[in-house]
Amino acid sequence: MYSARDWREYPRRYRLEAGKCKKCGKIEFPTRLVCSKCGAREFETEMLPDTGKVLTYTVIRTAPSQFTDIAPYAIAIAELTNGVKLTAQLVDCDVDKIKVGDEVRIEFRRVQTDAHSGILSYGYKFVPKWY
Amino acid sequence: MRDVAVVGVGMTKFGEIWDSSLRDLYVEAALGAIENSGVDHIDSMIIGCMSGGLFVGQEHLGSMLADYLGIKHLPASRVESACASGGLAFRHALIEVASGMSDIVMAGGVEKMNDISGDGATFALATAADQEYEVFHGATFPGLYALMAVAHMEKYGTTRDMLAAVAVKNHDNGALNPNAQYPFKITMDTVKSSVMIADPLRILDCSPITDGAAAVILTTVDIAKKLGKPYVKITGSGHATDTIALHSRDDMTTIKATTVAADKALKMAGKTIKDVNFAEVHDCFTIAELVVMESLGLYAPGKAGEAVLNGETALNGKFPINTSGGLKSKGHPVGATGVAQIVEIFKQLTGVAENGRQLKSNPKVGLAQNMGGSGGSSLVHILEVA
Amino acid sequence: MGKVGIVGYGCHLPRHRIKVEEIAKVWGADAPSYKKGLMLREKSVPPPDCDTITLSVEATKNALRRAGGINTAEIGAIYIGSESHPYAVKPSGVTVAEAIGATPNIHCADFEFACKAGSEAMFVCLGLVKAGEVKYGLAIGGDTSQGAPGDALEYSAAAGAAAFIMGTENLVAESIDTFSYMTDTPDFWRREYEFYPQHAGRYTGEPAYFKHTCGAAEGMMKKVGMKPSDFTYAVFHQPNGKFPQRAGKMLGFTKEQMEPGWLSPTLGNTYSGASPIGLTSTLDVAKPGDTILMVSYGSGSGSDGFVWKVTDRIDEVRDKAVRTRKLLDENLIYIDYGTYAKFRHKIKKNA
């Protein structure tokens, strides 16, 4: 369905590529054209770390139609070890046992499937950091 | 800048209005406002509507609604700021009159949400969030506010009961509002045992899917005086945005856009929050009302929940909030909500709120707080008795 | 000719498991006899967000961790062998390559040969590296295979992936030689547009699995002039717990030699991942100088034989990524048949 939109997002969804402001060092994810901290316009590529901590979470029990196969599912905002905050699903865990402060790691997962015949959208999800 | 007043208001019943289309709803509210105001013409019209396009496939609302209102060649625009579209329409109408560009402007709001499937409505509402970094990952609207609720509960110890108390109070008020979608009381137990949507928010913590429209007429205070009908002064207006994604906010437990907008509005009115007597706030979810109460500076961070439990914000409380029933009981036709808030404040300030909803405390200053998405935008307006 | 072999290896398995009893209950089958007959207790199940591509990406990341800082732009080829590529047309390899930053200067195509597609990818990558065509070749065997409801194969069809970065320097295990044994044998197949594969019952045994596994093993050993006792370890394709044990015994290998690479009793059959994953769990415990015989099997049919010699680098490298046995045994989520059927898209829904 959204070939161009998905494809444009690969650097972020697949590789967690962020932009580091050359002037003030702020890390923007997604990359931007203007630094949200100092307004500068030059960035260098910075890869995000793959571990972090849960800042807040919820369990979506009434799911949109494309997620009914995994309902109930948890989403969380986690702060990665470099301070960047991300929203993603938190999977492979008991949704009733999640706590703020839980350590998570990022894994590559299929995030959406466009019905029987459309394209597959891959990206990042959180899993509990158990090793 | 000229002094501006609201001279008339109108709204439809809010609810599942099967017999009315988007244009029917808007025209009904608009005609009601025109009649209520006594004006014999309007110079322009600003319409707040989140997404006529996604809900009913209709854009170009300025043209269509001016056409259906029967006013040929009327300048009409549609503005959008997700759930704050109505408040934004009101602000733009205010600016147009205050600047001298027009004398009489209608600010209206409308949303027709029930012609589309539940899934379609969820999709349309989710366009208020960050598509690539929140919605793509499965964050729903209730989900984003649930994330806020968990963060607030973790930081301040806000409880499940505090959230439920907001819904109960708003239904107490909405039961008295003839235009409300759900004009009946509910109990704490009913809220706490209703189906879970996104932990901890249950269905009765969430405002509903609603059809409805509201409209108000703005003009100069001078013209309002000449019309000889009750009017209300607009003394403050503030507007601010914040990051679209919740995870980008500096503090996820407060709505900074509301704080900044409120500061601007109060400064313009020459007032502090302590001078305000009552407010209509954007309770899209119960947690939102608590967070907004704190963001407005009405209560210290973490203290709003207790205040609701103690009845401070009830109809007969120290600071009544959402005498209309709020979004929870009155309904939330997205684009209309911000305008409907003005309708309620107008009624309270001119002493005509129906069915025993009228505040006995003789209020002088009302505040309307409207916001979009998870707090990505906010409009705050201050209105005062003439 | 210089040395070629494995520079980095990695495995990835999903967390979810289903026990034989859960499946047997639904179909009215006798769980104890299935468990005994197949030497199988439970198998891995991919949740809806895991497929061959996602498992391959994670396995590759583990391989990269063990390869110790190679520049992914220098990976010149990527081949993923699977019978459950998410697309029938659009290679799984492009997504994995994109995910590890190996595009655009890279060869890619998807491989299929039932359960030996992964080992075929390994063979081709070794060849490209040996020929000097690529500096590193990435070979992956992975699957999220389907078993027809109520069929014997439903007890074993599982999910997992193993990835190997082949190169000429800093080897963890050297490829001593390879040998392939292949014929046209219709033991197990899936026609285009069919959701589940089919098989020919007992014919899948002697004329299929055993003929080719033993044919390749014997041919491999003859080619390198070694006998079973010369090897430290042996890894065979493992469609269940029993077949590899029997093949090993027939060939003259001991249980101890097969132990580290024998995962099917609690993993199930990861199809194109099977013997490759067995190789990763063997490398996890192997010592410098150990030799490993690996023989895959793919229905249709064929077997690829490999002889590996472990280098000194294994000690420094094995724990740079999670060990296969840890992924196999720890932090498991057991599900019931209903959840399994939902996860594996076996329940009819409206389009």
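How many residues of chain A are in contact with chain C, and how many of chain C are in contact with chain A? The contact brings together 23 residues of chain A and 31 residues of chain C, where contact means heavy atoms within 4.5 Å.

## Ground rules

This is a predicted model, in which local features need pLDDT of at least 70 and side-chain atom pairs count only at pLDDT 80 or more, while totals for chains, interfaces and linings use all residues. Residues are numbered from 1 along each chain as its sequence is written, chains are lettered from A and ligands numbered from 1 in the order in which they are written, and side-chain values use heavy atoms, with hydrogens and water left out.

## Chain A

Let us start with chain A itself. Chain A has two helices and eight strands, taken as DSSP runs numbered from the N terminus (helices are H or I, at least four residues; strands are E, at least two). Along the sequence the pattern reads α-α-β-β-β-β-β-β-β-β. The C-alpha trace of chain A spans about 45 × 35 × 25 Å along its principal axes.

On the chain A side, A:D69, A:F108 and A:W130 supply 31% of the buried area, more than any other three residues.

Six salt bridges link chain A and chain C, each a side-chain nitrogen of Lys or Arg within 4 Å of a carboxyl oxygen of Asp or Glu. One pair in a salt bridge is A:R109 and C:D49, whose closest N and O atoms are 2.8 Å apart. There are also 12 residue pairs in polar contact between chain A and chain C, both residues at pLDDT 80 or more. A polar contact is a pair of N or O atoms within 3.5 Å; within protein, one must be able to donate a hydrogen and the other to accept it, and residues adjacent in sequence count only if both atoms are side-chain atoms. On the side of chain A that touches chain C, β7 and β8 of chain A are the elements that give two or more residues, and β7(A) gives the most, with five residues. By class, this side has 13 nonpolar, two polar and eight charged residues. Here Ala, Val, Leu, Ile, Met, Phe, Trp, Tyr, Cys and Pro count as nonpolar, Asp, Glu, Lys and Arg as charged, and the others, Gly among them, as polar.

## Where chain A meets chain B

Of the two pairs of chains in contact, chains A and B share the most contacts. Chain B and chain C do not touch, and their nearest C-alpha atoms are 12 Å apart. The contact between chains A and B takes 33 residues from chain A and 27 residues from chain B. Together the two chains bury about 2,600 Å², 56% of it on carbon and sulfur atoms.

Three salt bridges join chain A and chain B. The side chains of A:R13 and B:E132 meet in a salt bridge at 2.7 Å, N to O. The interface of chain A and chain B also has 18 residue pairs in polar contact, both residues at pLDDT 80 or more. The largest share of the side of chain A that touches chain B comes from β4(A), with six residues. That side of chain A divides into 19 nonpolar, eight polar and six charged residues.

## Empty space inside

Now for the gaps. Rolling a probe the size of a water molecule over the atoms shows where empty space is left. On a 1 Å grid over the protein atoms alone, a cavity is a set of points where a 1.4 Å probe fits but cannot get out, and a pocket is an open set with protein on both sides within 12 Å along at least five of seven lines; lining residues have an atom within 4 Å of a point. Grid points are joined across faces, edges and corners, and a volume is the space filled by probe spheres set on the points.

The count is four cavities of 30 Å³ or more, and the largest cavity has a volume of about 110 Å³. Its lining has 15 residues, with A:D92, A:E107, A:V127, A:W130 and C:R15 nearest the centre. β7(A) gives the largest share of this lining, three residues.

Terms used:
Buried area = accessible area lost by both parts, 1.4 Å probe.
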